[in-house]
Amino acid sequence: MRIRDYRANLLIAWTYVRTATWAKLVNVIKLGISFWVSVMTRTPRVMGYPLALSIEPINVCNLKCPECPTGMGILTRPKGMINEEAFGELLAKTHKSLWHINLYFQGEPYMHPQFFNLVKSAKQQGLVVETSTNAQFLNPQQAEKTVTSGLDVLVVSLDGITQDIYQKYRVGGQVQLVLEGIRNLSEAKKKAKSRTPIIRAQFLAFSFNEHQILRFKEKAIELGADMVEVKMAQVYDVEKKKDLLPQKEALSRYRLQKDGAVSLQGQVKNKCKKHWDSAVITWKGDLVPCCFDKNAQYNMGNLHKKSFSSIWNSLQYNSFRKRVLTVQEGIDICSNCPLSRRG
């Protein structure tokens, strides 16, 4: 499995190499320099534009996952989906230095009726394109369309390999559809003689499923996944849900104290490179700092009304970056993010 992961990572790296341009490479250098100057001076300076963007195709989902804002029904933003014309406008407004698009934020991307057209449009711009799915729709026909669309990476959620365990988190889902979906996609790739999309099977670790991690890895690889990944789950109102936390501390972003209290592991870093080299765009065109801003409460501006440059370099955005550099612990969307903390 380690050799397979190594090969998949090489393929991903080669995908970036093939889509490299001087503008992208220069932008990487400019962003790196400006980020570290910002960290050292505690004053935000941004000399480039995002390398990566997440663009939300749709914020509706077919499942009711209990620790997902969409599944929990606590997403306060209007429900909807981006149309092809608006998507094209957003791509046109982004800088030529953009390298990677994640067609995902909230919701299930495969529920968007023109999802494959969105992928093709992004690929025509020379971008590396990724998305995530619960794989309830990956029948043989959809798997074939996924391969021919040019998608580079597909993250498939598989949080258990038996129905009784899987459905504890993926409420309303069928584990058999996920297993068949991975196989369907693998067979479609072989039929098309394509190495993409790279299939990354992803497992969110909880107390009720951590005993299946090894079997998950073995099963996912057996079915044709290129990579496997175990992630630490975010738990809302975690003080009341301690029973969800894995027994192995390495699988959790939380630490259970001796007095029974729950705290996040690590100390706040007062720095996060994501706010210099990436951002998220909702289906309505609102630009928000990162994927932890589920409800777009830190809306920096709408790209259908303003230019990308004016929003990215705005006083409002830099004021937010200033808080990240100085008082990050006071930013609620950072408080539950493992990237904002050091071990």
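Biologist: What makes β1 and β10 a pair of strands?

Modeller: Two strands pair if DSSP finds at least two bridges between them. Four bridges join β1 to strand β10 (residues 278–281), so β1 and β10 count as paired. The two run parallel. Strands are DSSP runs (E, at least two residues), as are helices (H or I, at least four), and both are numbered from the N terminus. This is a predicted model, in which local features need pLDDT of at least 70, side-chain atom pairs count only at pLDDT 80 or more, and totals for chains, interfaces and linings use all residues. Residues are numbered from 1 along each chain as its sequence is written, and side-chain values use heavy atoms, with hydrogens and water left out.

Biologist: How do you know that β1 also pairs with β2?

Modeller: Three bridges join β1 (residues 52–55) to β2 (residues 100–102), and these strands run parallel. That count meets the requirement for pairing. L53 stands opposite I101 in β2 and opposite A279 in β10.

Biologist: Why are β6 and β11 called edge strands?

Modeller: The open sheet has eight strands in the order β6-β5-β4-β3-β2-β1-β10-β11, with mixed pairing. β6 (227–232) and β11 (287–288) each pair on one side only. Within the sheet, β4 (residues 153–157) and β5 (residues 198–205) run parallel and are joined by five bridges.

Biologist: What makes the packing of α6 on α8 parallel, perpendicular or oblique?

Modeller: The axes of α6 (residues 140–149) and α8 come within 8 Å and cross at roughly 50°. Axes are lines fitted to C-alpha atoms, for helices over the stretch in contact, and angles run from 0 to 180 degrees between N-to-C directions. Under 35 degrees is roughly parallel, over 145 roughly antiparallel, 65 to 115 roughly perpendicular, and the rest oblique. Therefore α6 is oblique to α8. The contact (heavy atoms within 4.5 Å) is made by P140, A143, E144, T146 and V147 of α6 and N184, L185, A188, K189, K191 and A192 of α8.

Biologist: Why is N184 called buried?

Modeller: Buried means under 20% relative accessible area, exposed over 50%, and partly exposed in between, using a 1.4 Å probe and protein chains only. N184 has 15%, so N184 is buried. N184 is found in helix α8 (residues 175–192). Leaving aside residues up to four places away in sequence, N184 touches L138, N139, P140 and A143.
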